[in-house]
Amino acid sequence: MASGVIHLAVTRELTKTVPFADTDRLYLGCVLPDGAADRNRGHLKTALCGNAKKTYDLNGFRERFTDLTRSDDLFLGYYLHLVQDILFRRFMYVEHGWNPRLPGYVERLHRDYAVTNAAVIRRHGLTRDMVRPLEPGPELTALGEFDIPRFVETVRGYFTPAEETECFFFTAELAEMYIERAVELCLEELDHLKNGGPLLDSRDWAWDNR
C-alpha cells in the first residue's frame, strides 16, 4: 500500500482541480484506511475465484456508502484511498516487479518511504496539520475500529525528517511517477462519480493470491 504522505500528496493535487466541500475531512479520509485496527477489513480486502484472487472491494464500498461519498468528503477521501492503493499494487507488483515476500524487503520499502517523504512533502506543499482528529460519524464503525487521535499523531510523525540514505527500491522519482498516475485515475473516477460513466470494477484490478 502507498504511504500516508503519498496519499496526502495525491489528494492535495486533486484539490487543485476539484472543488471539495471540506478538505479537512477529505485529508483525514484519504489516510484513514491505514488507521483501522484490522487493515484488511479497513481496506475491504476480499477474495475472488475461490480465493485464487484478491482485491479491494471498491464496488462494495460504493454500494454501502453511496450517499456518504456524495455528502461527506471524509468518506469520499476514504474511497479515493482505496482507488490509489489498488493502482499502487499494480504499479509496484506488476509494472515494477516488487516482491514483498523476499526477506527484508518490506522493511526496506518502509525505509524508502521514510527517506522519500521529505522530497514528496516539499514538492507538493504538504504540512503535518493537514490531518486533524475529526469526528468521523457512527457509520465508520462498519469499516472497523479506529483510534483517530492516535492515528493522526502517527501520520504527523511521517513529517519528521529521516536520515537521508540511498533508496533501496522506491525512489523519489518513482514516487512522483506514481502520484501523477494516481491523480489522473482519481480525477477520472471523481468525474464519473459526479457525472456518470464507467466506475472502477474491483474484479478488473484483482491480483493473484499466491
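**Close-up 1. Arg181 and its salt bridge with Glu95 in the predicted model.** Arg181 is partly exposed, its relative accessible area being 31%. In this predicted model, the side chain of Arg181 meets that of Glu95 in a salt bridge, at 2.9 Å from N to O. The pair links distant parts of the chain, with Glu95 in helix α6 and Arg181 in helix α9, 86 residues apart. Glu95 is partly exposed as well, with a relative accessible area of 39%.

**Close-up 2. A salt bridge between Asp24 and Arg132.** The closest N and O atoms of Asp24 and Arg132 are 3.5 Å apart, and the two residues form a salt bridge. This pair, too, links distant parts of the chain: Asp24 belongs to helix α2 (residues 23–31), while Arg132 sits in the loop between α7 (105–124) and α8 (148–157), 108 residues apart. Asp24 counts as partly exposed at 26% relative accessibility. Arg132 is also partly exposed, at a relative accessible area of 38%.

**Close-up 3. A salt bridge between Asp201 and Arg203.** The side chains of Asp201 and Arg203 meet in a salt bridge, 2.7 Å from N to O. Asp201 is buried, with a relative accessible area of 16%, whereas Arg203 counts as exposed at 58% relative accessibility. In the structure, the count of salt bridges comes to nine.

**Close-up 4. A patch of negative charge on the surface.** The patch gathers Glu180, Glu184, Glu188 and Asp191. Glu184 lies in helix α9, which covers residues 172–195. The relative accessible area of Glu184 is 53%, so this residue is exposed, the cut-off for exposed being over 50%.

**Close-up 5. The aromatic pair of Phe61 and Phe65.** The structure holds eleven aromatic pairs. One of them joins Phe61 and Phe65, whose ring centres are 4.8 Å apart; with 45 degrees between the planes, the pair is tilted. Phe61 and Phe65 are both buried.

Close-up 6. Phe65 is in the loop between α4 (58–64) and α5 (66–71), and Phe75 is in helix α6 (residues 73–95); the two are ten residues apart, and the pair links distant parts of the chain. Both Phe65 and Phe75 are buried. Ring pairs join Phe61, Phe65 and Phe75 with Tyr78, Tyr79 and Phe146 in a cluster.

How values were computed
Residues numbered from 1 in each chain as written. Predicted model: local features only at pLDDT ≥ 70, side-chain atom pairs only at ≥ 80, totals over all residues. Heavy atoms only, no water. Patch = residues over 30% accessible without salt bridge, like charges linked within 9 Å, V, L, I, M, F, W, Y side chains within 5 Å. Areas by Shrake-Rupley, 256 points an atom, 1.4 Å probe, with all protein chains shown as cover. Salt bridge = Lys/Arg side-chain N within 4 Å of Asp/Glu carboxyl O. Lys, Arg positive; Asp, Glu negative; His and termini not counted. Charge placed at Lys NZ, Arg CZ, Asp CG, Glu CD. Helix = DSSP H or I, 4+ residues; strand = E, 2+ residues; numbered from the N terminus. Buried < 20%, exposed > 50% of the residue type's maximum accessible area, 1.4 Å probe, protein only. Phe/Tyr/Trp six-rings, centres within 6.5 Å; stacked < 30°, edge-to-face > 60°.
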